[in-house]
Amino acid sequence: MLTPEENDLLCRVEGKAPMGQLMRRHWQAICLLEEVSEPDGKPIRARVLGEDLVVFRDTEGRVGVMDEYCPHRRASLVYGRNENCGLRCLYHGWKMDVAGNVTEMSSEPVASGMANKVKHTAYPTKEWGGFVWAYMGPADTMTEFTPPPWAPTEDVRVSIAKIIIPCNWAQILEGQIDSAHSSSLHSSDMVPARVDGAKATDKNWLRPSTDKAPRMQTQRDAYGFRYAAIRRPIHNAATHDYVRSTVFVAPASALIPPNNLYNVANINTAIDDTHTAFHFIAWGDPASTPETATWRQFLSAQVGVDVDAQFKPVRTVANDFMQDRQAMKAGNFTGIPGIPNQDMAMWVTMGPIADRTHDRLGASDLAIVEFRRQMLEAVQSFMKGEPPIGVGPLRIPSTMCSYQAVVPKEVDWREHEAKPV
């Protein structure tokens, strides 16, 4: 259990909240590249760490991420004219480029020189792995963008399902690093089978175990931690273990054990204290990794079907997540299609910020305990002026990855050689 003060310290990200300030020392995934693919196209809204942003691609193809509100009278720039390498406010014609320079002030005499005295808030950007990234921390703390472990090179296929979820980032992250729940909540999608390791079909994922009570072990590192969920395999249970090793990458992402065809990851962007942009990612060799449309269909996260154009889900508390009780009677465990939607029903019903003072944690919650302990220690150290977790020399090694395997009992999962599929 956490105290109310610890819960707030862990979860709150807006304004001067310490966790939000720590997150600003990491490059943030602002939006998907597909949302701003067209030069001089429609600007979009984004909200990150409680800050309202506008994102646009200019005439020359450069992406800008800046304060949504015009520096003149604070009208929204989302409605502005995206033209001639800048975003022009409709109210008085002020125009800003992607770096926040005011290039024109239609309402002011040129001789006034006022344009040279105004600088709009804009953030450095990077396009990589299907995302627009921005560095939202102080300029003197900015580190060079480093490709995330789930998009190590430009030739890797990255397919992303995005859902805007009305709850805090931490309870989503806790769900992603919780291996125990998959044997129940996702049991109709992650199906026990007589296979030699995790397999992917076009309908579900197969796994070589019926064990619903894994043994948990963790190993902490400077970037976060990794842990193993150790289960009895269907074959050779007397001599072997089925190991699923997940990696928590601070502050808000996870490398999830792969299957035989592709790797899986999650990255969460804290929109504000009570909303999160959840991204579920398939990545790997283009020959075996599903394309974006196929991935979203598999997850029941298709735009225009399962989420709207702004990635807000059609399944909500108000419609009971469109749960199908007849399907449950016919054998489907949850009656909710799609792994992310099943998770979402759990996360959202915990409340916008889960009250962790009432948790009753067990042995299967070891990774949850480690996450809370490590991130609270990290933010407390950061408040004392120490380097933020997972940044610069503390970042995750490029060789670190999640894995799943059936291994002899005498093999230490920490020493098992693993590489992405």
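The C-alpha centres of domain 1 and domain 2 lie 33 Å apart. The model is predicted. The domain assignment places domain 1 at residues 25–135 and domain 2 at 155–406.

**Extent of the interface**
- Contact involves 16 residues of domain 1 and 19 residues of domain 2.
- Between domain 1 and domain 2, about 1300 Å² is buried. Carbon and sulfur atoms give 63% of that area.

- Three salt bridges are found across the interface of domain 1 and domain 2.
- R296 and E34 form a salt bridge through their side chains, at 2.9 Å from N to O.
- On the side of domain 1 that touches domain 2, at least two residues come from each of β1 (28–32), β2 (44–48) and β11 (131–134).
- Strand β1 gives the largest share of that side, with four residues.

**Open sheet**
- Four strands form an open sheet in the order β5-β6-β7-β8, and their pairing is antiparallel.
- β5 (81–82) and β8 (102–104) are the edge strands; each has a single partner strand, so one side of each lacks a neighbour in the sheet.
- Two bridges join β7 (residues 95–96) to β8 in the antiparallel sense.
- K95 has E104 of β8 as its bridge partner.

Definitions and conventions
Residues numbered from 1 in each chain as written. Predicted model: local features only at pLDDT ≥ 70, side-chain atom pairs only at ≥ 80, totals over all residues. Heavy atoms only, no water. Pairing = 2+ DSSP bridges. Domains from an automatic or database assignment. Contact = heavy atoms within 4.5 Å. Buried area = accessible area lost by both parts, 1.4 Å probe. Salt bridge = Lys/Arg side-chain N within 4 Å of Asp/Glu carboxyl O.
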